[in-house]
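Let's take a walk through this structure together, one feature at a time. Keep the viewer open as you read.

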Amino acid sequence: MSNVYPPPEEFAKKAHVPSMDAYRELYRRAEQNPEAFWAEVAEREIHWFEKWSKVLEWDAPFAKWFVGAKTNISYNCLDRHITTHRKNKVAILWEGEPGEQRALTYLELHRLVCRFANVLQSRGYKAGDRAIIYMPMIPELPIAMLACTRLGIIHSVVFGGFSAEALKARIQDLGATVVITADGSYRRGKEVKLKAAVDEAVPECPTIQDVIVYQRTGSDTPMQIGRDHWWHELDANATEDCPALPLDSEHPMFVLYTSGTTGKPKGILHTTGGYITQVTAGMKWIFDLRDEDTYWCSADIGWITGHSYIVYGPLSAGTTSVMYEGSLDFPQFDRWWRIVEKYRVNVMYTSPTAIRALIRQGEHWPNAHDLSSLRLLGSVGEPINPAAWEWYHTVIGKSRCPIVDTWWQTENGSILITPLPGATPLKPGSATFPIPGIIPDIVDFNGNPVGPDREGYLIMRRPWPSMARTIWGDPERFKEQYWNKFPGSYFTGDAARRDADGYFWVLGRVDDVMNVSGHRLSTMEVESALVRHPAVAEAAVVGKPHEITGQAVCCFVTLKRGEWNHDELGKELRQWVAKEIGGFARPEEIRFSDALPKTRSGKIMRRLLREIVTTNTVAGDVTTLEDMSVVTRLAAQQDED
Ligand code: WT7
């Protein structure tokens, strides 16, 4: 049985939610009357230009929260702070990978956002238009996002690690009219070009009118006259007065693409009032933030974690956040601890993958720095294995800092299952309990709740304010993916169990989705990329357990007729996938095979392949298997390697 860590007394005394009794009381109130509960939170945390007529309209699975209300997210993140003691408080403490620093106060950030919003407005963009943001981790990325939300322009941030192909697919699906990008960025001391990918993608995107380019690296960047514009040139003529537009609470705010079980990514749509209400509330409940704290989330803004917990949550809560451009090992493996020491970071939020990568490099890196400012640690993206948890707790937190292991998804908008640091006794590896207002359950295939310690499917029984509203352009897929399996409930795609004390243990995905370094990647997406290569006949992809990244991409490939050099082709295919999707999707392993195991109906049996890469044997049920010898050969091949 694992250890249990009660909240340190000192921590609990000052915490926003100071005890399990306080948590239970909040939870009970939310459960009894969720609408009154969320209305109270929304009143307290958010500025509304106009109040709602109804808290929730639930036409399952389509929700409307704070019906008829008017608010603006950029206003909540900026304007409401600049009339308070926070006006000259630092909002973003930015550090570039080469070492530059910028400290943007709330007033300064407000000025820059207003200027850029005026740039967008002067080029004719307005509420409801779609903007693609393809930028590195520099302050202009949140500035562009906040300028969009100020005007009601729907943004879609595409992670800078995605390829031109992936960028193109997103622009096209969204019918975006403007791309906001940068010349490049720094990663491990090298320049990563971004504008070059835009140049490759945009010619096949007829909806695009403008490409706005921020100059980050100053390297040679060809500009297409009429289409491409330098940010600094447009900004030079912009005025600083740009009132935030009062938007309907259900106004579409952003679309973020995430992998599903097919080859086509899903554009998850989030809206305005419910999203900002729940994200803001969590900053206090979960990160226990107070005005004097310095907070750092190490994610990339291109993923949902960065949207909610680098940009919108922290700014709405009036926090000082650290933002870092580069990689954790540059110039060496203590970069993060230098940052913690330098800015006296109090609350740090990162991923199990990063923690495991750091463990491998040894304790001497963190031990060389003063980490005594830290008071709370967070983890997100995948289950954290107890060994990594213990290391994070003792080596980084010096056994003094609670760890919030936060479970949530792109579709959820904000954290749903997590400890509250001043209240919850922690069990390493468990995300513990739902936040108030969230009613999870674990059920069997027929939707019946399973008992304690039984594995089942993780579902949510009630709607919540920051939930996704639909899949962009495909409401049927939204229903089908999340709501049809267990009617009336949201299906997460995860397996979980609850122990006898009621703690939730999330076990991982039950669908054909991999989790690589905390990033979601669909097996089908990689398979479709592979079969686009002229040498490939068929491909089957599975996640293989990996010591650092949690899972790694493992591909089984059959080839078309011909003479192939497997070593070279293997390298080429790995590169090919990186080009088709992005570097983070690059397969760890390509295995060539004469055939793939299939059911009689022709479906690839990924379960067997998963078993092969995990255990190198096949023990499960194979009665539906068409050609058993294929499986045996695949398993045997591993022994030969
Ligand atoms: C999937 C969501 C929103 C966070 C970033 C990833 C897994 C996430 C945990 C956790 C166990 C976790 C789940 C989930 N996951 N956090 N604390 N413990 N599993 O967002 O790309 O939408 O992926 O990540 O499997 O379904 P995402």
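In the loop between strand 9 (184–187) and strand 10 (190–193) you will find R188. This is a predicted model, and in it the phi angle of R188 is near 50°, a positive value in a residue other than glycine.

P61 sits in the loop between strand 1 (54–59) and strand 2 (62–67), and the peptide bond that joins A60 and P61 is cis, with omega about 0°.

Now turn to the ligand. There are 18 residues around the ligand, and D405, T406, T410, D494 and R520 come nearest. Sorted by class, this shell has 6 nonpolar, 7 polar and 5 charged residues. On the backbone side, a polar atom of T406 is 2.8 Å from a nitrogen atom of the ligand, while a polar backbone atom of E382 is 3.4 Å from a ligand nitrogen. N515 takes part through its side chain, with a polar atom 3.5 Å from an oxygen atom of the ligand. How much of the ligand's accessible area does the protein cover? On its own the ligand has 560 Å² of accessible area, and the protein covers 96% of that. As for the elements that give two or more residues to the shell, they are helix 11 (304–316), strand 20 (403–406) and strand 25 (504–509).

Next, the empty space inside. Rolling a probe the size of a water molecule over the atoms shows where such space is left. Searching the whole structure this way turns up 5 cavities of 30 Å³ or more. The largest cavity holds about 50 Å³ of space. Its lining is made up of I73, T149, G152, I153, L247, H251, P252, M253 and T272. Of these lining residues, 5 are nonpolar, 4 are polar and none is charged.

Finally, consider the charged side chains. With a cut-off of 4 Å between a side-chain nitrogen of Lys or Arg and a carboxyl oxygen of Asp or Glu, the count comes to 57 salt bridges. One of them links the side chains of E40 and R44, at 3.9 Å from N to O. E40 and R44 are separated by about one helical turn, because they are 4 residues apart in helix 3 (residues 34–45).

Methods:
Residues are numbered from 1 along each chain as its sequence is written. This is a predicted model: local features need pLDDT of at least 70, side-chain atom pairs count only at pLDDT 80 or more; totals for chains, interfaces and linings use all residues. Side-chain values use heavy atoms; hydrogens and water are left out. A residue is near a molecule or strand if one of its heavy atoms lies within 4 Å of it. A polar contact is a pair of N or O atoms within 3.5 Å; within protein, one must be able to donate a hydrogen and the other to accept it, and residues adjacent in sequence count only if both atoms are side-chain atoms. Accessible areas come from the Shrake-Rupley method with a 1.4 Å probe; for residues, only the protein chains shown count as cover. Ala, Val, Leu, Ile, Met, Phe, Trp, Tyr, Cys and Pro count as nonpolar, Asp, Glu, Lys and Arg as charged, and the others, Gly among them, as polar. On a 1 Å grid over the protein atoms alone, a cavity is a set of points where a 1.4 Å probe fits but cannot get out, and a pocket is an open set with protein on both sides within 12 Å along at least five of seven lines; lining residues have an atom within 4 Å of a point. Grid points are joined across faces, edges and corners, and a volume is the space filled by probe spheres set on the points.
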